[in-house]
Amino acid sequence: MTSETITADASGTWKLGDLPVHRLGFGAMRLTGSAAFHHGTPSDRARSVAVLRQAVELGVNHIDTAAFYFSALRSANELINTALSPYPADLVVVTKVGPFRDYSGEWNTSARPDQLRGHVEENLRQLGRDHIDVVNLRRMGQDSIAEHFGALAELREAGLVRHLGVSDVEPRHLDEALAIAPVVCVQNRWGLDTRDPATDELVRLCGDRGIAFVPFFAVAGEAGAHGATEDHDEAVLAVARAHDASPAQIRLAWTLHQGPHVLAIPGTGNPDHLAENVAAGALRFTEEELARLDALHTGAA
């Protein structure tokens, strides 16, 4: 398929609260290096800035980031600030809090509820903004998220945060959060080769409730933060050949086919990969192709 002239509006639109976004967005994790966090080598700064600007030119208006997305020399938030400030009026910036890395890059104790304001303010400082459009609470294994989510709800009331989401949760945690404040999105690890009945149920629940479901590592698969998977089932390869597309594009397109409320936030520091990712929003599968791919997800293949 030709990717040069395809923009993010081909993927359709959904709303995060009152904020319309194209369903094909951009994840900032891979901007900082050859792999996320400290796993790879730091990226070329000018190239990362160019990728961000190209994303906006291609119609991307939903960027997912976090203050803990940094490598030895690069900060995703700083790159976003440099590339895109003053921010386009329609650009929605989403961040997350909960995990914490110290200045050496090592993972540290996750944030207590009383520390979340400082984590949100650090995102504000790095991004150069006076409010965050959406802040996701990333659950760090705790049984209840009520106290943490309640702290973020207070920041929403104070005007530092416009909307709230939750990440790495089970259906019961979504119910817990909704009892405190509106939830506009759920972020869980999920994709074509993810077999997790609880998250499948979350996808369904989000659709029923009009909440965006925003999976991460939809392309990376089992490789996770280390980069995109190279392990592709023959069904993926066959559908890719039929559409003259890459396996990564098929994975992204399958994700978007799972419901109008399902978004995608693939990340890359490569301008060619960026154009391919955006173009995946224009792919449309036949019923037979979708059934074949769905069977991979359910384990029926």
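**Side-chain contacts in a predicted model**

Let me begin with Glu234 and Arg241, which form a salt bridge whose closest N and O atoms are 2.6 Å apart, a salt bridge being a side-chain nitrogen of Lys or Arg within 4 Å of a carboxyl oxygen of Asp or Glu. This is a predicted model, in which local features need pLDDT of at least 70 and side-chain atom pairs count only at pLDDT 80 or more, while totals for chains, interfaces and linings use all residues. Residues are numbered from 1 along each chain as its sequence is written, and side-chain values use heavy atoms, with hydrogens and water left out.

The search of the whole structure finds 16 salt bridges, and another of them joins Arg251 to Asp193, at 3.4 Å from N to O. This pair links distant parts of the chain, since Arg251 lies in helix H8 (residues 247-256) and Asp193 in the loop between strand S8 (185-187) and helix H6 (197-209), 58 residues apart; helices (H or I, at least four residues) and strands (E, at least two) are DSSP runs, numbered from the N terminus. Arg251 is buried, with a relative accessibility of 3%, while Asp193 is partly exposed at 28%.

Turning to the rings, the whole-structure search gives seven aromatic pairs. Phe37 and Tyr69 make a tilted one, with 6.1 Å between the centres and 55° between the planes; rings of Phe, Tyr and Trp (its six-membered ring) pair if their centres lie within 6.5 Å, and planes under 30 degrees apart count as stacked, over 60 as edge-to-face and the rest as tilted. Phe37 sits in the loop between strand S3 (26-27) and helix H1 (45-57), and Tyr69 in the loop between strand S4 (62-64) and helix H2 (76-84), 32 residues apart. Phe37 is buried at 10% relative accessible area, and Tyr69 is likewise buried, at 6%.

Ring pairs also join Phe37, Phe68, Tyr69 and Trp107 into a cluster. The charged end of Arg101 sits over the ring of Trp107, 5.5 Å from its centre, and over that of Phe70, at 4.0 Å, where sitting over a ring requires NZ of Lys or CZ of Arg within 6 Å of the ring centre and within 35 degrees of the ring normal.

How values were computed:
Buried means under 20% relative accessible area, exposed over 50%, partly exposed in between (1.4 Å probe, protein chains only).
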